[in-house]
Structures are given as C-alpha cells and as structure tokens.
Amino acid sequence: MAQRNSFYITTAIAYPNGAPHIGHAYEAIATDALARFQRLDGKDVFFLTGTDEHGLKMIQTAQKEGLTPHALATRNAGRFREMDDRLGVSYDRFIRTSEEQHHRSVQEVWKRMQDKGDIYLDSYSGWYSVRDEAYYAEDETVVGDDKVRRGPQGTPVEWVEEKSYFFKLSAYQDKLLKLYEDQPDFIGPDSRRNEVISFVKSGLKDLSVSRTTFDWGVKVPGDPEHVMYVWVDALTNYISGVGFPDENDKNWHYWPADVHVIGKDIIRFHAVYWPAFLMSAGIPVQKRVYAHGFLFNKGEKMSKSVGNIVDPFNLADQYGVDQVRYFFLREVPFGSDGSYNHEAIVNRINADLANDLGNLAQRSLTMVAKQCEGKVPEHGAFSETDSAILAMADAMITQARTAMATQQIHQALNAVWAVVAEANRYFAGEAPWALAKTDPARQKTVLYVTAEVLRQIAILAQPAIPTAAAKLLDILGIAEGQRDFAALATRIVPGTPLPAPAPIFPRYVEPATA
Ligand code: ME8
C-alpha cells in the first residue's frame, strides 16, 4: 500500500531506436514540472523514466546500423539520459527494460496471469505495425492510394501469421468498463476517456502476447521459443521501477502510481491493456493515466521515422533550458496538440520572462539595493492596493494546486503570470522611484510588497523554471529551506540583507547574420 504522503509519477519509456526528439523532451519536461510541484508541496515523490528496448522496431533499426539491438539501445539510452540531465528533469530512477531485474518482473507478471488462467497458446494471423508495435483489426486498417495498408496512426502494417500465446483480454471488458465508471478520474483528459470507453464498448478481442520469429525480448517462462510482446514487457516497467517482483523492496510502497503521463497515441495500451494485465496478475491498478497532445514543428507532425526531428539539445543551447521549459508548458495547453516556431518562442521569452518577470525583479531590487541599504525594507501600514496584490499572490497556490491535480500545467502558470502582470501594474501605478524624495516610508512599503509578491511568484515558478526561480530566490535572500510551498504562508522578513541583484532572464537577441 502506498504511504499517505507519497506521489508516484512516470513518463512513457521511449524507444531508443533513435536520438530523443522534442516530443520526448516535452513529455519529460511536463512530467518533471508535475513531480517538482508535488515535491515542493511536501509529498514524498518518486519519478520514473527510462527506455523501452525490446521489440521489432529496435531489431530493424539495429540491423540497418550494423549494431546489435543491445548496443543500439545502450548508445541511445545514454542520449535520453543526457537529455533529461540537460533539461533539468529530476527523475529518481532511469529504467532500461534490458535490465535483469525488469526481466524477472515481467516473467513474474506473466506467471501470475497464467496462474489466473488468462494465458493460452494458439496461433495469430493479422495485421501488425512495427512502428507502433501494435496489432490492428482488419477494419482499423485502410489501403491508401499508394497501395500501402496502414493502421489508425497512419503507420504501415504487415501480415503476421505465427504460433502465439494469447491474453484473455475479452474477459476484462466489463471489469474495465466498471473501472472507468467507478474511477471517473482514471483517464484524462475527458476526450481520451471517451475514446477509450467507446473502444472497449465496441468489444475486446484476446491479445497476442508472444512472438517466435525473433528472440530480442523477455523469454516466456517455460517456453523459451517465445519472447513476450513488447508492450507486456514495456508496461511492466512501471512496477519494476519501484522494485517488483520484490514486494519487500523499499520503493514498492509507491505503487500504485498516481499518474502515468503519456502521449495520446499510446492511450489504449495504458488505459486498456495495462489495467487488464494488472487485474489478472492480482496487482492494484494505477490511479490515473493522463495523455498529452502531440507537438508539431510549424504545424508539421514529426517523428524519428518521418525525419524532421528537432533536436532538444539544440533548442536548449539556442534559447536556454528554463526558456524552453517555460515556452512549452505555458504555450501548449497540457492535453492538446501544440505547434511551435522560432517567433513564438522568442516572443514568450522576451515578453513573459525578460520583460514582465525579469525587469520587475531587476528594477525593484536595484532600487532596494541603492535606496534601502540592500536590505528587505521595513513596511508601514498596507494600503488597499498593497492588500489587493498581496491577496492575489496568496491565492495563487490554491489555483495552482487545483490545476496541477488534473495536470493542467498551463493553467497553473496562467495563474502565476496573471500575478506577474498585476505586479507590474502595481509597480507602475505606485511609482516607487518617484517616492524616494516625496515619501520614503511609502516607497519602502511598495518595495516590500513587490519583493514579497516576487518571492511568492518565484516559489511557484520553480516547477517550470527551476534554475531561474532559484536565482530569483537567491537575490531575494530566501534561504534554501524556505522555498517550498509551506513557506508561502510566511512573509519575507524586513531587514534581511540581500545580495546584489543579478539579472534573471536576458532578452533573446537574434545572432548577427554573416
Ligand atoms: O511509444 N509530441 O515510445 P516512443 C509529443 N516505447 N509527444 C510525443 C511525440 C510528439 N511529436 N512523439 C512521441 C513509445 N511522443 C513506447 C512507450 S510506455 C510503457 C512505452 C511521446 O519513443 C509518445 O506519445 O515512440 C510517448 O508518450 C513518448 O513520447 C515515447 O514515445
């Protein structure tokens, strides 16, 4: 059983058949923001990510590159880990499905499903998409003008006919429908929930769960001629990641996961197959699956196979890590598709980060440094406008908590940046620069209120922009132990000495063209 205060969150595990692309970066950044938020909110968080290394797609790419699948996986898993580290993704464990412990975990799940009577041997004939690593019914495929038959995600399918073990998915149709009914939060957003419910209602067929034509995978216990279908193996990572099959493992208490964050193309695997496997194996099902949308580069769909990948490392080098994180999290409503381009990124950086937040911090704290002896100023009685902006800042945490509980990351950021905008109006309206001579006591109060509002903004901005928010908290003189959400209930302390205000966000300037 999960301990009361724990929070377990996962990303999908990526196929390391190529280098990570921006879709992977997006999922990692968003999941990281959700994990950081819960950590700051006092939860004991476990954040799992990793790579999905078996299956035909890996074999075929490895063959093309003249490598073994394991060598290919090792090379690219390293790149995924580097991407996470580069983007400040604060995972607790990076799992690779080629790990021995994971193999034991998958075999244990298989044995339990078999003991339950849910696995039987037969033969499969039907359509398979290597790119999706998915079986499709004939009526889910169409033959295009180019004579190529494709599945529902638009990827080519091939005819497969071989001896195979099956999982009695059909026996779980009613149990799954009951699960969706009893736990209305099981699938988000609602559009995906509806899609899954209608898929399950349309009737579930038993699922082919082993292959005999290749051996790169987890062996079926007692029948080593078969390797398991890669999705049985891949989904099980979520429990291997917290110690399964060792239920005495120190991390097992995190299960069931609070949320699996995935892309919309793999909702069926997570919301239909995975809970069915878990029910069969007698393991509690996850609490929630949340599917984000797809990112398009200027409106064009990208993928490793299509070839128009945008490299997340380049993006981070060009714009900065916090800038890229902020852009995707604020710009794309989490759950919807989004597109991005250079102008949109630059606009967000310069308007929201450099101008609205960076300049406000710089201007107000420079004034504090020069005119208030470099200490958080003492304040007098608060005016109505002071109280209004403070109340607005105090209200952010409740809005952010509500939004983040349902993965509405953009809404949490909207709430914070609404306060940034209001703080700018407050600062302009109160004009503290003009008060230095006319009413120095009032100037101090305005600068105090501004510093306090900036402190609250910085604390709440940490999940999205961890490095810049930490810099802002540094120049506000906030101690390391005073940066979590519990500290929002306090106020910045007058008299605290402040370091010289260093800039937080430089403006983005186009590189000079030769
Ligand atoms: O699906 N925009 O791996 P994967 C946003 N191994 N998200 C995207 C995207 C895009 N353009 N392209 C991909 C797999 N994703 C399986 C998962 S989990 C047990 C196994 C997302 O490398 C995609 O939706 O193809 C998925 O959540 C993740 O990136 C990994 O995709």
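Trainee: Where does Pro-245 sit?
Mentor: Pro-245 is in the loop between helix H8 (237-240) and S13. Keep in mind that this is a predicted model.

Trainee: What is the omega of the cis peptide bond that joins Phe-244 and Pro-245?
Mentor: Omega is about 15 degrees there.

Trainee: Which peptide bond has omega near -10 degrees?
Mentor: The one from Gly-188 to Pro-189, and it is cis. Pro-189 lies in the loop between strand S9 (187-188) and helix H6 (190-201).

Trainee: Is Glu-133 called buried or exposed, and why?
Mentor: Count the C-beta neighbours inside 10 Å: Glu-133 has 21. Buried takes 20 or more. Therefore Glu-133 counts as buried.

Trainee: Where is Glu-373, and what is its phi?
Mentor: Glu-373 is in the loop between helix H12 (342-371) and helix H13 (384-405). Its phi is near 55 degrees, a positive value in a residue other than glycine.

Trainee: Buried or exposed for Glu-373, and how do you know?
Mentor: Glu-373 has 11 other C-beta atoms within 10 Å. Exposed means 12 or fewer. So Glu-373 is exposed.

Trainee: What makes Leu-357 buried?
Mentor: Leu-357 has 28 other C-beta atoms within 10 Å. The cut-off is 20 or more, so the label holds. Leu-357 lies in helix H12.

Trainee: Which residues are in contact with Leu-357, leaving aside its neighbours within four places in sequence?
Mentor: Asp-352, Val-420, Ile-504 and Phe-505. Contact requires C-beta atoms within 7 Å. As for Val-420, it is 63 residues from Leu-357 in sequence, and their C-alpha atoms are 6.4 Å apart in space.

Trainee: Why is His-54 called buried?
Mentor: His-54 has 28 other C-beta atoms within 10 Å. His-54 lies in the loop between strand S2 (44-51) and helix H2 (56-65).

Trainee: What is in contact with His-54, beyond its neighbours within four places in sequence?
Mentor: Thr-97, Trp-216, Gly-217, Val-218, Val-230 and Asp-233.

Trainee: Why is H16 called largely enclosed?
Mentor: 19 of its 22 residues are buried, so H16 is largely enclosed by the rest of the structure.

Trainee: Which residues come nearest to the ligand?
Mentor: Of the 20 residues around the ligand, they are Ala-12, Ala-14, Gly-23, Asp-52 and Gly-263. Helix H1 (22-40), helix H7 (230-235) and strand S13 (259-263) are the elements that give two or more residues to that shell. H1 gives the most, with 4 residues.

Trainee: What is the make-up of that shell by class?
Mentor: 12 nonpolar, 5 polar and 3 charged residues.

Trainee: Which domains is the protein divided into?
Mentor: Domain 1 (6-112 + 209-292), domain 2 (119-208) and domain 3 (351-497).

Trainee: How do you know that domain 1 touches domain 3?
Mentor: 11 residues of domain 1 are in contact with 11 residues of domain 3. H1 gives the most to the domain 1 side, with 6 residues. By class, that side has 7 nonpolar, 2 polar and 2 charged residues. The domain centres, taken over C-alpha atoms, are 40 Å apart.

Trainee: What does the UniProt annotation say about residues 14-24?
Mentor: The unreviewed entry annotates them as a short sequence motif, the 'HIGH' region. Over residues 14-24 the chain is 27% helix and 0% strand. The end C-alpha atoms are 7 Å apart.

Methods: Residues are numbered from 1 along each chain as its sequence is written. This is a predicted model: local features need pLDDT of at least 70, side-chain atom pairs count only at pLDDT 80 or more; totals for chains, interfaces and linings use all residues. UniProt positions are given in the numbering used here, feature names are shortened, and annotations may be inferred rather than shown by experiment. A residue is near a molecule or strand if its C-beta atom, placed from the backbone, lies within 6 Å of it. Ala, Val, Leu, Ile, Met, Phe, Trp, Tyr, Cys and Pro count as nonpolar, Asp, Glu, Lys and Arg as charged, and the others, Gly among them, as polar. Domain bounds come from an automatic or database domain assignment. Two residues are in contact if their C-beta atoms, placed from the backbone, lie within 7 Å.
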